[in-house]
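My notes follow the order of the look-ups.

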Amino acid sequence: MSEKPLQSSHQESGSQPGSDEREHGSSRRRLLFVMAPVGFALLAGILAVQLLGGEPKKIPSALIDKPAPEFELPPVQGYDVGLSTADLRSGNVLLVNIFASWCGPCLVEHPVLTRLAETTDIPIYAINYKDAPDNAARWLKRNGDPYTRIGADLSGRVGIDWGVYGVPETFVIDGEGRIRYKHIGVLTEDDVQGTILPLVERLRQ
Amino acid sequence: MSARRFLIGLALTATLFGATAAGAFSPDEPLTDPALEARAQTLNKGLRCLVCQGQSIADSNAELARDLRVLVRERLAAGDSDDDVTDYLTDRYGDFILMNPPVKGANYVLWFGPVAALLVGGAAVFFAFRRTRASRSSGEGRGPASAQAPLTPDEQRRLDALLDDDPS
């Protein structure tokens, strides 16, 4: 901005620079008038999406692309084999599903896992999270057992190592035993077709 | 008769108190070392309950929060520093588990964004207000103060602009 001497009168200053500045000022103000509501609408939109459409429960896993945590779990009551880290470094791409008999949504996704086990050769391993031993065995007997191996995490400590904060959760593990993806909540057929299977396909190459 | 009743009552009360004391000890056993216990409680207040999200694990009744409290105490008792404990948990759950996200990377926006927005907004309001005042006082010279005060260069410039606007 050019400074004019204090005593300058309007006759001296001429009309040209003055009107230029005024035009500048008014167009800038007009821009402000447009930008303010646009900015507000943008912010309101983001907040609305986060508030209504977003899924606040889904926290990105800190373990993506990291090796699966070291653990060794005993079998579920009545089963022969448990689950340990070594089982995950099988050279196979596989799933690790966290489930419990007390978890309602686990029952909802159970048919999806069963179908996956029947129609594909992807091994589904499981961690039975904080379950009463006989409840777990009964649940599997009643609803079917799609799992290749199950480890019983009675204390929930291994679950913490996996960053589990709500069951069901499903991890995709690559051939080297690294966690490549985490699905939180009920696994639907759409999730399997749209995300899990394509990812497994890609990781197998 | 009444003495026996009294004794039975006493025995029942003792059992009741014994039971509650035992109950309070089993899930979240406080550490015997008061310094360690104080550290555990401070840590618990800074760790988010991931199930309830708005609460710290110190405030939450969720099962996972309880497990994490037990874990925090165990690790402190095993000789971990406070940083060791938070690192252990952020390795597994990410920064989200901290009630106060660390001041780094993209979190700068989180920490300083609101302050920056307030400053920018405040500055905008301030200048808009000052401009209104300036144009008012330079316009007609309302009030004795504005009539006496000399014009600032900015006011003079605005005055010129206004006078140029005059069709006469």
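In which helix is the place of Cys106(A)? I find Cys106(A) in helix H4 of chain A, residues 104–119. Helices (H or I, at least four residues) and strands (E, at least two) are DSSP runs, numbered from the N terminus.

This is a predicted model, where local features need pLDDT of at least 70, side-chain atom pairs count only at pLDDT 80 or more, and totals for chains, interfaces and linings use all residues. Residues are numbered from 1 along each chain as its sequence is written, and chains are lettered from A and ligands numbered from 1 in the order in which they are written.

Is Cys106(A) buried or exposed? Cys106(A) counts as buried because it has 24 C-beta neighbours inside 10 Å. (Buried takes 20 or more other C-beta atoms within 10 Å, exposed 12 or fewer, partly exposed lies in between; C-beta atoms are placed from the backbone.)

I listed contacts next, leaving out residues up to four places away in sequence: Cys106(A) touches Phe99(A), Ala100(A), Val167(A) and Pro168(A). Contact means C-beta atoms, placed from the backbone, within 7 Å. Val167(A) is 61 residues from Cys106(A) along the chain, yet their C-alpha atoms are 7.2 Å apart.

Then I turned to strand E6(A), residues 169–173. Five of its five residues are buried, so E6(A) is largely enclosed by the rest of the structure. Glu169(A), Phe171(A) and Ile173(A) cover one side, Thr170(A) and Val172(A) the other.

I checked pairing (at least two DSSP bridges between two strands). E6(A) pairs antiparallel with E3(A), residues 94–99, over five bridges. Five bridges also join E6(A) to E7(A), residues 179–184, again antiparallel. Glu169(A) bridges to Ile98(A) and to Ile184(A).

How values were computed:
Two residues are in contact if their C-beta atoms, placed from the backbone, lie within 7 Å.
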